[in-house]
Amino acid sequence: MEETNKSVVDDCFTSAMALTDSGVLHVPTRYILPPSQRPMLGSSIGSDTITLPVIDLSLLHDPLLRPCVIHEIEMACKGFGFFQIINHGISSSVVKDALDAATRFFDLPVDEKMLLGSDNVHTPVRYGTSFNHSKDKVHYWREFIKHYSHPLSKWIDLWPSNPPCYKEKVGKYAEATHVLHKQLIEAISESLGLEKNYLQEEIEEDSQVMAVNCYPACPEPEIALGMPPHSDFGSLTILLQSSEGLQIMDCNKNWVCVPYIEGALIVQLGDQIEVMSNGIYKSVVHRVTVNKDYKRLSFASLHSLPLHKKISPALELVNENKPAAYGEFSFNDFLDYISSNDITQQRFIDTLKKNNL
């Protein structure tokens with residue numbers, strides 16, 4: 001009887017939580033990566049020699065210190081497309097409440113979560129596992145709930161009603177990250193030599209998608225991943241993680257583990273910033289590993305221009321010596337792309353690059 005139950009769980013929607021809870025000892029075939037794509041767990045490649053940037057964001061508010069912080073951000077964006085921030089203004093209680101609400105959601109029975117299940121990437125509230133469940137050759141050891149989050153009043157009624165605390169607790173975190181995003185975009189614009197209000201209008205009307213992820217304990221973490229290598233489509237991703245698991249690719253194509261820092265948030269540049277900066281800054285390629293002993297939660301607040309708003313290289317950053325290196329694109333273009341393509345085979349931004357890059 002036990003084997004029958006495990007088989008039924010194995011054949012369900014790809015609920016990694018259900019597989020873990022059922023006590024499976026091996027990763028089902030659909031989650032097994034080709035040998036060349038498997039993580040080198042336990043390897044310290046790059047991690048002993050590379051110091052990842054940590055920036056005190058509160059210093060942006062000091063007119064005397066702001067230029068120094070802007071320079072730190074410039075160096076981080078050029079070197080990694082990534083940095084961690086401390087003293088960012090989001091209270092620890094708001095963070096704790098959001099993680100608590102996420103834990104309660106993922107602990108719900110599969111049938112309850114599946115009420116929000118969808119393969120349509122345009123759906124404003126969606127529960128699932130893979131980028132494109134029907135097309136992905138390998139599935140990933142995670143569950144997610146994704147929902148549009150700005151303006152909050154427009155979308156929150158569509159969010160999960162169970163657990164009852166979810167809308168309030170995650171809503172407060174979503175609003176706080178939207179405010180933080182505005183500060184970060186202004187600082188990044190300044191670091192490129194643009195006016196800090198360069199994207200002000202777009203920020204006010206921007207799209208914010210909150211991707212809440214759960215990476216359950218995995219019996220064979222050396223042959224599976226929580227998420228494959230990819231870059232994010234938007235302007236910035238602000239990431240909250242409950243433990244280590246995120247890895248970024250450095251300039252030497254090595255995978256670098258991102259340390260867990262209590263109270264810190266992670267900022268990752270997306271494809272829209274790479275295009276706007278005309279390639280001065282690059283979106284960061286990253287992936288998520290899984291762990292044998294514990295589950296990991298993360299909140300990825302994905303910020304982008306409004307759905308149909310096109311972004312192209314800033315005119316101030318284009319000249320005879322540095323012609324426009326990318327075509328324009330919108331968030332909607334990205335969604336159309338991932339609806340019909342496997343992003344592990346080709347990054348979306350590679351389709352935008354011109355021959356002069």
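# A tour of the predicted model

Start with confidence. The mean pLDDT of the protein is 88, and 90% of its residues reach 70 or more. Here pLDDT is the predictor's confidence in each residue, from 0 to 100. Select residues 1-12: their pLDDT is below 50, and beyond near neighbours in sequence this stretch has nine contacts in the model. A contact means heavy atoms within 4.5 Å. Now select residues 44-49. The pLDDT is below 50 here too, with three contacts beyond near neighbours in sequence.

Two ground rules before moving on. This is a predicted model, with local features needing pLDDT of at least 70 and side-chain atom pairs counting only at pLDDT 80 or more, while totals for chains, interfaces and linings use all residues. Residues are numbered from 1 along each chain as its sequence is written, and side-chain values use heavy atoms, leaving out hydrogens and water.

Stop 1: Helices (H or I, at least four residues) and strands (E, at least two) are DSSP runs, numbered from the N terminus.

**Stop 2: helix α10, residues 331-340.** Which residues of α10 are buried? They are F331, N332, F334, L335, Y337 and I338. Buried means under 20% relative accessible area (1.4 Å probe, protein chains only). Show what covers them: β4 (143-148), β5 (207-215), α9 (271-276) and β12 (296-304) are included.

**Stop 3: the largest cavity.** The whole structure holds four cavities of 30 Å³ or more. A cavity is a set of points on a 1 Å grid over the protein atoms alone where a 1.4 Å probe fits but cannot get out; lining residues have an atom within 4 Å of a point. The largest has a volume of about 410 Å³, the space filled by probe spheres set on the points. Select K146, A211, D232, F233 and L302, the closest to its centre of the 33 lining residues. Elements giving two or more residues to this lining include β4, β5, β12 and α10.

**Stop 4: the second largest pocket.** A pocket is an open set of points with protein on both sides within 12 Å along at least five of seven lines. This one has a volume of about 410 Å³. Of its 18 lining residues, M249, D250, K253, S283 and V285 lie nearest the centre. Finish on helix α3 (residues 66-79), which gives the most to this lining, with three residues.

Conventions: Buried < 20%, exposed > 50% of the residue type's maximum accessible area, 1.4 Å probe, protein only.
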